[in-house]
Structures are given as structure tokens and as C-alpha cells.
Amino acid sequence: MNHPVFIDRKSVSVYFGLWALVAGVHFSVFYFFYDFTFEIAGADSIVFNFLFCLIGISLWYIVRYTIPDKTNFWNVAFNHLTYLALTLVVWIGLPYTLLNWLFNGFKPYHDFLMISIPYRLFSGILFYALTGLVYYLIIYYKNLQEKVRTESRLRELLKETELNMLKSQINPHFLFNSLNSISSLTITNPGKAREMIIKLSDFLRYSVSTNTKRFNAFENELANIRRYLEIEKVRFGDKLQFDFDIDKDCCTHKIPLMILQPLFENAIKHGVYESTEQVKIEMKCRHSKGFLEIVIENDFDPDAHPRKGTGLGLKNIRERLRLLYKTDKLLATSVSGTKYFVFLTLPNIEPLETNYEPQL
Amino acid sequence: MTLKTIVVDDEQPAREVIKHYLKDFPEIDIVGEFQDGFSGLKAIQELKPDLVFLDVQMPKLTGLELLELLDHPPLIIFSTAYDQYAIKAFEMNAVDYLLKPYSKERFAQSVQKSIAQAGTVVKTAANVENLVRSLDENPEYLQRIAVKSRHKVSVVPVEDIFYLEAEGDYVMIHTKEAKHLKEKTMKYFESHLDPSQYIRIHRSYIVNAKFIDRIEYYDKESYSILLKNGAKLRASTTGYKLLKQILNM
């Protein structure tokens, strides 16, 4: 956090203005009430108040690194008492030396300096306490503001993510086209139609019922992806080929729910929908050093000039991964010739339950 | 009277349904089935069918882009899964619009409708034109434009366009590789391209702001816009003002 006195021109003027005011009062009391000469009253006021004005600025750095929430009580007390003692020694010692030397021959003032030490000590402690208090208030206020801002941003993100999840859940194109395929199969191959209805039901059930969970075993997600691809294969026939190469020890790994589905939807949309050639979708999954490394690749027609997608799929996944694992580096994509690659790396820890993972 | 009919759909099961339902109509003579927009277009031009069952979402060329490229469109029955804009538009204008999956009765209705309309081809052509026009009400901006030269059809992504130039009743589309003539008006492109990127700088020009290299003062009434491919366009005072406003100059 920046020094509150030097945030802008205004805060600088307020700080120095206040000290000028204190110095003014100090001067008036000495000049009118104690009947000191103009020079003595002026010098006393300027030296003491200007010095504390500077000490007050330095006090920020003590306050800044002595936050009661983060530091234990004894540390806080020790820091402040030490600095207070140092402050008082400097604040009284320096001016006394200076003023004694300046007004060497003037005994009443010299006596006054000696008598007034307890008052000086008292006002020093008071100044110290007031300045410190104001600094603490500023820090707490800033932190509070920051917290409110972060929380509202997170809440916003959560809503967006929930919405995107809902949107990506069941693609109406997919649903209606699948139903149309079933309608067709009832004519040509009723047995297969029944089989497809069961697959579609399982797929829908999985999408709908597992919503309350945040993570699921990789093998369950995989089974659902397989169902999805089999349904699409009925629509597209030999045009769609798929092949999975999965290490056995990947199966029990917990992964965020429905994190793979949008990736396969993309592969179908940009690969199969836009191409007249055969399109192969492959997934490789390895388990290494506590990470699940998933590579999904699909053929696509680079000349197809596909209509731009909404980009929702990838953005949604990236956002979820960021909220769950607090890093941006888990998802990458690349293009090589007529192949599109998605690389997904998932840590082998079930992340702590956070409040930010959508619950539908 | 028989209607020469083709089916254009990229999903085999979808074509199966149509063919099966059509068995009840001896007037319908299926002369071919096609799996993508390009081959569908070619078939329509070569086989000259009376009736086409057309899917919307297909590889290469969508059903709507295909329809746009036809000079004398036959009767068209769209059959598609889901399209909220199209539903609204087609309900008013299409020969018919079938939402997948559809019932035999619903299908029979639309076939009868086309048989009834078959005699009045002129009216239908106008209908289809209306339909394409009403689809234009779709608020989304164009992302690609289907164009045809004498022998081939290509799809131009709007990102690749340097500028558009008025050519009588046509518009010349200039891209890095080529130029294409399209039977549309400047007004059409002005309202169908994203106005924050494609700017009408002159009565005769719409420029892709992305490719502007620099702007030079020409005379009191106009400015020269130099593009990254070396082309030099004239901008009117109004066009220049618009450009300035959009580019935040």
C-alpha cells in the first residue's frame, strides 16, 4: 500500500496543513500566553512541530508492518513501544540541543525548556497515538474496500460461470438432431433406435443429476464422453471416428465435472460439422508426477472458414480451472496442419472446497 | 405431374426419414441426395430439381448461403433442428420449414403445399427471395460471404476483405487474393457488416479498418485512404468524419 500522505496533492496538503495549524496554535500560546518573544515562540513551534511532522510520516512504515491481525500482540506492543521511546528521545533531544544553542543567553526560556519536559512527553505520546490510529483506520478502510470489490467480482464470475455451465450443458442442436436420428432409426432399425434412446437418456441423466457434485472420477466422465460420441456417431456414421488411449491409473483421478464435455463438443462442431472428409477424434491420457495429462486431437478442414464460435466453451473451462486451481496454465491449444490439439493438465489433488465453484 | 426432388442433408439418418416419408407420394421423384452445401448447389444447377429438401447447418456451405447463390431457386423446404431466428422468418415466408424431428403428418402437409405451389414457380421464387431477405433481419453481422464466379463457388471470410466497391447493381469484393462480384447493394453490406470495422467512407466504398495503412489529405472535399495492399481509396468528408469517429482519431 502506498503512503497515505503521498497518495495525491490533496493528502499532502491536508497533512502539512494540519501540522501548520498545530504549529500556529503552539506559537500563539507561547507568544500571547507565556509572553515569549516572537523569535522564541516561532522557533519553538517550528522546530517541535516540523520534527514531529516528519516523524509522523516515518511512523507509517512501523504501522504498515505491524498489523495486529498478522503480527502477535507482544510483537505489536514491542514495536510500538520501541519506536515511541525512540521518537520521544529524538523529538525532545534534538530540539532541546538546538534551541539551547540558539537562545543560549536567555535564561527564562532555558528554565522553561526544563520545566516543560513532562508536557512535551505527554504531547509526544498523544501525537504518536493519534497519527498511528489514523494510519490504522486508513489501512482497515482500504482493506475493507478491497475485500468488498474482490467479493463482488467473484460473485459476478460465479454467476457467469453458472450461466455458461447451464448453457453448455445440453446443446439444443445436439438434442434435436439426436431425436431426429432416433426417429429415423425407428423406421430402419428399431433395435438400434431403442439402444440410442437408452444412450441419450444416460447421457442426459448424467448431465442433469451430477450437477450437485463438483468433481467426479475420470472414468465416469470418460464413460459419458463415450456415450456422447456414440450418439453423434449414429448421426454422422463413418465420418466420425474416435479412439481413446487411456492409462489405467488415470481412472480414479478426480476431475472437475463436465470439464471434458465442451472440449469434445468443440471437436465435433469444428471437426465433424464443417468437414466432408472423415474426422478422427483422439484422446490420450497419462498420469505423471501427480498430474493427469490429457491430449485431445481432432482433424479439421482449415479451408472451411468456420463461423466463429462464441468461444464460450474454452473460456468457460479456463475460468473454471482458474477458480478451482488458481492458475491459468492448465489449458493450452495448438494447430498443426489439419489437426487441432487441446492440452489439459489437471493436478492430482482434489482442490479445497471453495465457495466459488458453481452449485446448480 | 411429378416433382424432381433432391435431398441435401449431412446426416444420413435425417435423409432416411425424408426418403421414407416420401414413399407415400408417387408425385415425388427423388433424383439424388447430397451431403454438403457445395455438392447440393452443384446438383441443383445440374439436375434442376423442382423441389429441394435443405438442411441449414452443413459443411462447406450452409443451406442459407446455398439458397442465396441460386438465380432461379426451386421450391425449398428447409429441415433443421433448431434456429430461433429462422423459425420466425420462415414461418412468414418459406415454402415450408420443418423442425427436426417432425411427424409424418407435418411432413405430408409441407409436401402437399409444395405440390400445390409447383405450378406457380414465379411466385415461389419471389417467396424464397422474401425469405432470404427476411433472414437478413437477423441482427448478427455477416462472418462470411458466399460468392460464385463462372465455374466455382467460394466462401470469403469477411475478415479477409480489404474493401468493397460499388459496381453498378453489384458490389466488387476485394480481398488479398482476388476480387469477387456479388449481386447485392452497398446498402446491404453497410447494414450487414460490423460497422465498427467496415466503414462506409464514400458512396462507392466500404473499407475494412483493419487494413488501413494511412490517411492523407487530398483536397478540400476529400481524403485519400491508403490500404496495406497499396490500394488507394477516396473518402468523402462525411466518410472521413465517420472514420475519424470510429478510429478515435
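Of the 249 residues in chain B, 41% are buried. Keep in mind as you look around that this is a predicted model.

**Chain B on its own**
- Chain B has 8 helices and 15 strands.
- Take the contacts in chain B with a separation of 6 or more: 53% of them come from residues 24 or more positions apart.

**Where chain B touches chain A**
- On the chain B side, 20 residues are in contact with 24 residues of chain A.
- Two elements of chain B, α1 (12-22) and β7 (153-157), each bring at least two residues to the side that touches chain A.
- It's α1(B) that gives the largest share of that side, with 6 residues.
- Sorted by type, the chain B residues on the side touching chain A come out as 9 nonpolar, 5 polar and 6 charged.

**A closer look at A:E230**
- You'll find A:E230 in chain A, in helix α8, which covers residues 218-236.
- Is A:E230 buried, exposed or partly exposed? A:E230 counts as partly exposed because 16 other C-beta atoms lie within 10 Å, while being buried would take 20 or more and being exposed 12 or fewer.
- A:K199 sits 31 residues from A:E230 in sequence. In space, the two are 8.1 Å apart, going from C-alpha to C-alpha.

Conventions. Residues are numbered from 1 along each chain as its sequence is written. Chains are lettered from A and ligands numbered from 1 in the order in which they are written. This is a predicted model: local features need pLDDT of at least 70, side-chain atom pairs count only at pLDDT 80 or more; totals for chains, interfaces and linings use all residues. Helices (H or I, at least four residues) and strands (E, at least two) are DSSP runs, numbered from the N terminus. Two residues are in contact if their C-beta atoms, placed from the backbone, lie within 7 Å. Ala, Val, Leu, Ile, Met, Phe, Trp, Tyr, Cys and Pro count as nonpolar, Asp, Glu, Lys and Arg as charged, and the others, Gly among them, as polar.
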